[in-house]
Amino acid sequence: MRFKKQISVLSAAVAICCGSALATEASAPAAPASQPWMNAQLGAAERAGLAVGAMTLDEKLKLVYGYLGADMDAKKTKRPAEAHKQSAGFIYGVPRLGIPHLWETDAGVGVASQAGPDARPGTALPSGLNTAATWDLQTAYDGGAMIGAEARAYGFNVMLAGGVNLMREPRNGRNFEYGGEDPLLAGKMVGAQIKGIQSNRIVSTLKHFALNDQESGRTTLNVKIDDRSARMSDLLALQIANEDGNPGSVMCSYNRVNGVYGCESSYLLTEVLKQDWGFKGWVMSDWGAVHSTAPAANAGLDQQSGMPFDLSDYFGPPLKEAVLNGWVPQARLDDMARRILHAMFEHGVVDHPVAPAAHTIDFKAHAAVSKKDAQEGMVLLKNSAGVLPLNKAVKRVAVIGGYADKGVLAGGGSSLVYPAGGNAVPGLLPKTWPGPVMYYPSSPLKAIQQRLPKAMVAYNDGSDPAAAARLARESDVVVVFATQWTGEGFDMPNLALPDKQDVLIAAVAAANAKTVVVLETGGPVTMPWLAKVPAVLEAWYPGSEGGEAIAGVLFGEVNPSGHLPATFPASEAQLPRPALDGFPEVADRRFDVDYHEGAAVGYKWFDLKGLTPLFPFGHGLSYTEFSLSGLSAAVKDGVLQASFTVKNVGKVAGKEVAQVYVAPLGARWEAPRRLAGFQKVDVKPGAAVKATVTVDPRLLADYDSASKTWKVAKGDYKVILAADAAQAAEAAGSKAASTVVHLEAASYDVNGKPLRGAGR
Ligand code: BGC
């Protein structure tokens, strides 16, 4: 509820991040003897301790109290003068002690702006789901490094990115911001992005902590789940992203978990995050997610964000009163301030202060990063009869629907990046929060026309299916664009494409058998017309360069290599909750969402129930063919490694995502199989590449809540090499192979580290 509101490429990524960072930072301050915490030779913990020791009570209190960085007409409040216009947040530092202010910007696809006349132009990455669909850590890192560089150049030192809410609910309006349904894939990809952002010496968040997997009733709903299932699903994704990304801050979520609000859950914030995972940074609240002073502070919330979003200034004067009366121990307030400072020292926020220098942004280079991400993550779902890639000798092409003449769709809400050049389709509803509905000015139609200078490329807006069908009939090939606008604060009522686009596609496909469907959707959709069309490309929200990116893939300049980070269900009836809880929303009504599926999320649920989806998790076609072979698996010192060969048996170069699944033959898991490792490999035609994946022991174990250990059961396990989750289920077919390994009983600590002795 808002007011309407492998390594070779690494050097290139580092060049992007650090080049921009160096260009826009003020020189590091010298450390006067009176300010020992400014000595960069000391560790972050020591520096934070020294700085807290020098702070007054009021200075500590300032550091834990955040403001919205924008004027809020509904509450008649103005942003602090020092905040950047139309920004997400601002926190006063302690200039007297050399501690800078915190300037916060959303979010995961680039530097976003709150609505208003002063939106800053930014480069938008494709949606987080698109980046997850790349299955390529380097791409995720590079995207993070790029948007982090823009954040720094605009004078922000905190980026509210790192969204990794597991996709339990394909109708969730914010799925486009996240990393899909598998904890390993989502955690790894988002962790890499966080690392990229923070390479700019700024802080990234990890959010939303935790189990905030639908938008309907997000501030009132109560998720019911047991500790074991949570640790093996949503929390595992967050845990992996935390380990790989080392974010400076974690944002707690709006929802309740087992009766307690995310931002006052000592279980989530203190036990899981700070004690079990050893998180050293600070927990900030989501905007409007705080409900108390002492309960929240004592549970582990370190900073209230975005005032005046909350009903009360809980961490303002009431916190001072609580500390002075001992309801919140002084030591706890010190810890809150120390955690914020720890992250600021650790990630370079103090030593490399931000200084706005937007003119240094290399928008051309950043556009290339966005385009590469988009093209690496688009998923070719279907391609029969060789319709794609499009033939350049074609004479008459029809491009239909989806505002393809103007641009490409973006997701709505706080993460919205405003493009240079403005909204390509202004005026669509809703114009205000969570709108505006934004189309980036990168037209697929124009990009197609440019590639076919001699052909007749005609556009029809698709509003009249009969007229669109007439154009389709007169054309050699048809590309029909379908869009689904999703965004923050609302869910989709169902998985169907909105605005009768299914009718349009069916009409066009009936008129011309050579119909290619390009989807720009927030997540999975149903496709009643699928059997009637030869080709479907899932282009997600493809970002600033979307039109070019789509055309490049349609014409085969780039071979598609995205694979689904989430199952596409055949219907809502296949979901753990066929009807969305709390939909339609009743304001302020508390309700339960029972995660009865436990850790069996996404493809695991489908496997468990023997359901056949429309498209399985991991699915993605290419313009070439691959064979996966030579699988061998070995266990050394309890560590499972699988090696295999990927051959390109087709005619063009391409990238395959080899997926390793593991199935217990004796033990019982939440589902028959889990993704245990993956590797994206680039293979020339006729060539073969060998790859090895090492399996995180948590993916071979069950979490035991009582002992806080991950326990591997002694027995045989099938290791399966596959190109998607459905193939893994069959464990056969031209691309799949399997082998059996024996694992001894073993125990790992809560972070998956081997425990000496016990069971090993
Ligand atoms: C969202 C957060 C976002 C914050 C600041 C909230 O509504 O849930 O993800 O970072 O606003 O804009």
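The dialogue below takes up confidence, the ligand site and salt bridges.

Modeller: This is a predicted model, in which local features need pLDDT of at least 70, side-chain atom pairs count only at pLDDT 80 or more, and totals for chains, interfaces and linings use all residues. Residues are numbered from 1 along each chain as its sequence is written, and side-chain values use heavy atoms, with hydrogens and water left out.

Colleague: What is the mean pLDDT of the protein chain?

Modeller: pLDDT is the predictor's confidence in each residue, from 0 to 100. Here the chain has a mean of 94, and 95% of its residues reach 70 or more. Over residues 1-24, however, pLDDT stays under 50.

Colleague: Which residues are closest to the ligand?

Modeller: A residue counts as near a molecule if one of its heavy atoms lies within 4 Å of it. The ligand is surrounded by 16 residues, the closest being Asp106, Arg174, His208, Asp286 and Glu488.

Colleague: Which polar side-chain atom lies 2.7 Å from an oxygen atom of the ligand?

Modeller: A polar contact is a pair of N or O atoms within 3.5 Å. That atom belongs to histidine 208, while for tyrosine 254 the distance from a polar side-chain atom to a ligand oxygen is 2.9 Å.

Colleague: How many salt bridges does the structure hold?

Modeller: Side chains of opposite charge can pair when their charged atoms come close. A salt bridge requires a side-chain nitrogen of Lys or Arg within 4 Å of a carboxyl oxygen of Asp or Glu. The structure holds 44, including one between arginine 168 and glutamate 597, at 3.0 Å from N to O. Both residues lie in loops, so this pair ties together parts 429 residues apart in sequence.

Note on methods:
Polar contact = N/O pair within 3.5 Å; in protein donor to acceptor, adjacent residues only side chain to side chain. Contact = heavy atoms within 4.5 Å. Helix = DSSP H or I, 4+ residues; strand = E, 2+ residues; numbered from the N terminus.
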